[in-house]
Amino acid sequence: MTQHEPLPFAGNARAFTLGVEMELQVLDATTLRLTPQAPLLLERMADPHLAKEMYQSTIELITGICTDAVDACEDLGRTFGRLVSSARSMGLTFSGTGTNPVADYNERVVSPVPRYHDLLDKNQWMIRRMAVYGLHIHIGMPSGDACIRFLNQFMHAVPHLIALSASSPFWRGTDTGMAACRPTVYEAHPTAGIPPPVHDWYQFQKLYAELLRTGSIQSMKDIWWDLRPSPGYGTLELRMCDGPATLRELEAIVAFAHAQALLFQEEQDTFTGTSAKPPKRWIARENKWRALRYGLDAQIIDHHTLEQRALRTDILDRLERMAPLGRSLGYEAQFACLREICSR
């Protein structure tokens, strides 16, 4: 792609559909230590809902296009059931949290994929540490401009999703003192973390062309921002979440993201121009850091007033604003789970 070639966005006629990707740790069922058996599982099952990842002790579950969070988690549950059944005879089990609490990333075995080895050569020690496990949520978007508008709105919700999913306080047997250390592994990379500010699809295309032209990336796959457009799927992808420990919590977090997107749509008359206004970059960075460090106990900064507010309170207030949507979507149980996460 040159600087002047357009990057088409496959607009989704069924906006606000969902796709979910869940990365799992592959464990020895006896020792509960990571084991590089994902390739054997993938070969045995030949399931299109399962995919390899960079390290052979990771396996990814992928849904189809789903109407809502319940549909998505039923899809994941079916795949997970087949996976567990196949893995049992191999002496394997799984964990969904953001990091393995005792594993050493230096012992991980890289999948034999040229792109992964190219990344190792380019990013060296930083990519070696990528033995982490996340939850990625795709939300269908009607157009590229809409995708950027919602990306900017979701920038305000990054700390909320980090805190609700935080499950990675441990790293190589050490209590890091953080609620979620997994995202810090990503942030070390130059094309990760908080996305650069753009205001519409034209500006994003220009940015993408510049990244390609300068050799900063080879494709969209090399962009690891907390939020990124996925033009081939016609979605906005949320990538900031740790892998939840249970499917019940995963379903609740996906429901929160889905309802939040629909609430943004309802409130779009407050947007200016073609995009919602993202938070100031330093506030976005500070609020993200506070969520990584303190989780639900964080105090976040209001973008407009600079006043500090309890993140837990802000999540509960958002759930109240989303309550009518929650009832219409049948998310009462998922919202109850979110309130339980906040209370505990």
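Visitor: What makes Leu 238 a residue that touches Phe 154 and Ala 257?

Guide: Contact means heavy atoms within 4.5 Å. Leaving aside residues up to four places away in sequence, Leu 238 touches Leu 135, His 136, Ile 137, Ile 139, Phe 154, Leu 161, Asp 226, Leu 227 and Ala 257. This is a predicted model, in which local features need pLDDT of at least 70, side-chain atom pairs count only at pLDDT 80 or more, and totals for chains, interfaces and linings use all residues. Residues are numbered from 1 along each chain as its sequence is written, and side-chain values use heavy atoms, with hydrogens and water left out.

Visitor: Which residues touch the most other members of the largest nonpolar core?

Guide: Ile 59, Phe 154 and Leu 238 do, in a core of 105 residues. Helix α9 (residues 247–266) gives the most to this core, twelve residues. A nonpolar core is a set of buried Ala, Val, Leu, Ile, Met, Phe, Trp, Tyr and Cys residues joined through side-chain atoms within 4.5 Å; buried means under 20% relative accessible area, with a 1.4 Å probe and protein chains only. Helices are DSSP runs of H or I, at least four residues, numbered from the N terminus.

Visitor: Why are α9 and α13 called roughly perpendicular?

Guide: Helix α13 (residues 332–343) packs against α9 at about 105°, with the axes 8 Å apart. Axes are lines fitted to C-alpha atoms over the stretch in contact, and angles run from 0 to 180 degrees between N-to-C directions. Roughly perpendicular covers 65 to 115 degrees, so α9 and α13 qualify.

Visitor: How do you know what α5 is relative to α8?

Guide: The axes of α5 (residues 144–154) and α8 (residues 201–213) come within 8 Å and cross at roughly 85°. That makes α5 roughly perpendicular to α8.

Technical notes. Buried means under 20% relative accessible area, exposed over 50%, partly exposed in between (1.4 Å probe, protein chains only). Helices (H or I, at least four residues) and strands (E, at least two) are DSSP runs, numbered from the N terminus. Angles under 35 degrees count as roughly parallel, over 145 as roughly antiparallel, 65 to 115 as roughly perpendicular and the rest as oblique.
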